[in-house]
Amino acid sequence: MSATAVHSLWTMAADPIDKIDAPKIEYGQLSPTLIVIGAAIIGILVEAFVPRKSRYYVQVFVSVVALAAAFAAVVGLAAGGYGTTKAGIAAMGAIAVDGPALFLQGTILLVGVLGVFTFAERRLDPVAHGNRVDSFAAQAASVPGSDSEQAAVKAGFATTEVFPLLLFAIGGMLVFPSANDLLTLFIALEVFSLPLYLLCAVARRKRIMSQEAAVKYFLLGAFASAFTLFGIALLYGYAGSVSYATIAQVVDGTIGTVNPALADTMGNDALLLIGAAMVVMGLLFKVGAVPFHMWTPDVYQGAPTPVTGFMAAATKVAAFGALLRLLYVVLPGLRWDWRPVMMGVAVVTMLGGAIVAITQTDIKRLLAYSSIAHAGFILAGVIATTPDGVSSVLFYLGAYSFVTIGAFAVVTLVRDAGGEATHLSKWAGLGRRSPLVAAVFAVFLLAFAGIPLTSGFAGKFAVFKAAAEGGAGALVVVGVISSAIAAFFYIRVIVLMFFSEPRPEGPTVAVPSPLTMTAIGVGVAVTLVLGVAPQYFLDLAGQAGVFVR
């Protein structure tokens, strides 16, 4: 082939791409996420350049200011009508800015602030070598029990990297429920999962158990991510696009132009069903639904308790937001296929979580199985497939997240010589030894059980009502039975605290700093306000319950 022929081929190929359009990014609409990710990057620079003595204070300050600023940005967007009339797709179709996205982002940011407070707590452990210590390893890189670890403790080192890791996790969680194409969804999944794997491994006490929890979480999480990615590939083969809107059009059969290269595989239902099942499976793993729940009790028990509290509250909010958007925006045309399957998952999740929780003897494992049962209750609202279903799920997630972070903050206070006393037998008689702490924990347990005048009752009522109106009455019956079973073990803990004799060698209740007190106080306040006067917040969730398509 002559040089001129090659040249003409090259120019023919090059002609159409004479200019690449610059991407149009709506920075204002993406500001909550950008603020948090920017602060996380500043946190990394703080680790590099700020002297070790000052890092803790700088990191806490940067984290709290960033999360407060991001929350203000979410409120500003909502006030500007981006949750209702101006809702739209930003960042070249990658991110949806609408009511559910802003509602969930606001919830995640508030939970994140309380998470920072529990991470920053330094008054619970006894002073070590003249230094106040937190829940995290002195030097995460050192082998547990080694000389280098003891040297790090003596020198008063602290793992302040947990704050930028927390911010990266929150940044990923902000994108996850607002992702509007499958690749953005996957990237957000990885951005918030990887910091959580690391955070699970850095407990100061019981480090081997903490590292075991992190490895379990990482391996099972990697499997779930792989399934999600394979599902995304199959859905791309089915629809010729990763965009939610295009996939929904292909499912409905309303698409106009077809890419000729993909004409053979487009519309192949096997790709659609298997791909959708795999992506949904990855999301069910994140929310801890049965049968993808096996990581939950081990990770909740082994991770440092502040991390468990944050993870239990925020990951559920982000993952259910993504699941709602996937089922309501991408796969509404497949409703008859996914509803029966999700109903089955919801039933086994509610019953499985409630029944297995009865056998638990560790308070963190008990709360883990309780969170599995709650995933089942929330799925009842997802299955309703009505606008009320969306708003009830949003309300439940908001209420549940504050109860959870408050409950785990209380768990950090009950301590013995080995650190946190999480075995249930240690909690006997706590109500006599420390009535206030026991009373606060009882409020959280009653909210989990769904007793009237707590946020848990308002949330369960909203979700079950939506499910019944959506034609899933059988699910409500199972939900009520599961709630009754679950109430048994919550009330058992309350009876243990208030009606048992305290043991002479029992644990003490540490007096926390104002940081943890704030986290617990906000948790109690939200629990009672949403229980006594939920209507304003139900209306807010109702206004925020419309997805942009």
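Arg207 is buried, and Glu149 is buried as well. Buried denotes under 20% relative accessible area, exposed over 50%, and partly exposed in between (1.4 Å probe, protein chains only). The model is predicted: local features need pLDDT of at least 70, side-chain atom pairs count only at pLDDT 80 or more, and totals for chains, interfaces and linings use all residues. Residues are numbered from 1 along each chain as its sequence is written, and side-chain values use heavy atoms, with hydrogens and water left out.

Side chains of opposite charge can pair when their charged atoms come close. The structure holds 14 salt bridges, each defined as a side-chain nitrogen of Lys or Arg within 4 Å of a carboxyl oxygen of Asp or Glu. One of them joins Arg207 to Glu149, with the closest N and O atoms 2.7 Å apart. This pair links distant parts of the chain: Arg207 lies in helix α8 (residues 207-239) and Glu149 in helix α5 (residues 147-154), 58 residues apart. Helices (H or I, at least four residues) and strands (E, at least two) are DSSP runs, numbered from the N terminus.

Asp416 forms a salt bridge with Lys426, the closest N and O atoms being 2.8 Å apart. Here strand β3 (residues 414-416) supplies Asp416, while Lys426 sits in the loop between β4 (419-420) and α16 (430-433). Asp416 is partly exposed, with a relative accessible area of 27%. Lys426 is partly exposed too, at 31%. Glu26 and Lys24 also meet in a salt bridge (3.6 Å, N to O). Lys24 counts as exposed because its relative accessibility is 57%. A network of salt bridges links Glu212, Lys216, Asp298 and Arg365.

Ile25, Tyr27, Leu34 and Met92 make a nonpolar surface patch of about 420 Å². Patches are made of residues with over 30% relative accessible area and no salt bridge; like charges are joined within 9 Å, nonpolar side chains (Val, Leu, Ile, Met, Phe, Trp, Tyr) within 5 Å. Accessible areas come from the Shrake-Rupley method with a 1.4 Å probe, and for residues only the protein chains shown count as cover. Ile25 is placed in the loop between α1 (3-14) and α2 (31-49). Its relative accessibility is 31%, so Ile25 counts as partly exposed.

Ala78 is found in helix α3 (residues 52-79). At 41% relative accessibility, Ala78 is partly exposed. Ala78 and Ile247 are 169 residues apart in sequence and 28 Å apart in space, C-alpha to C-alpha.
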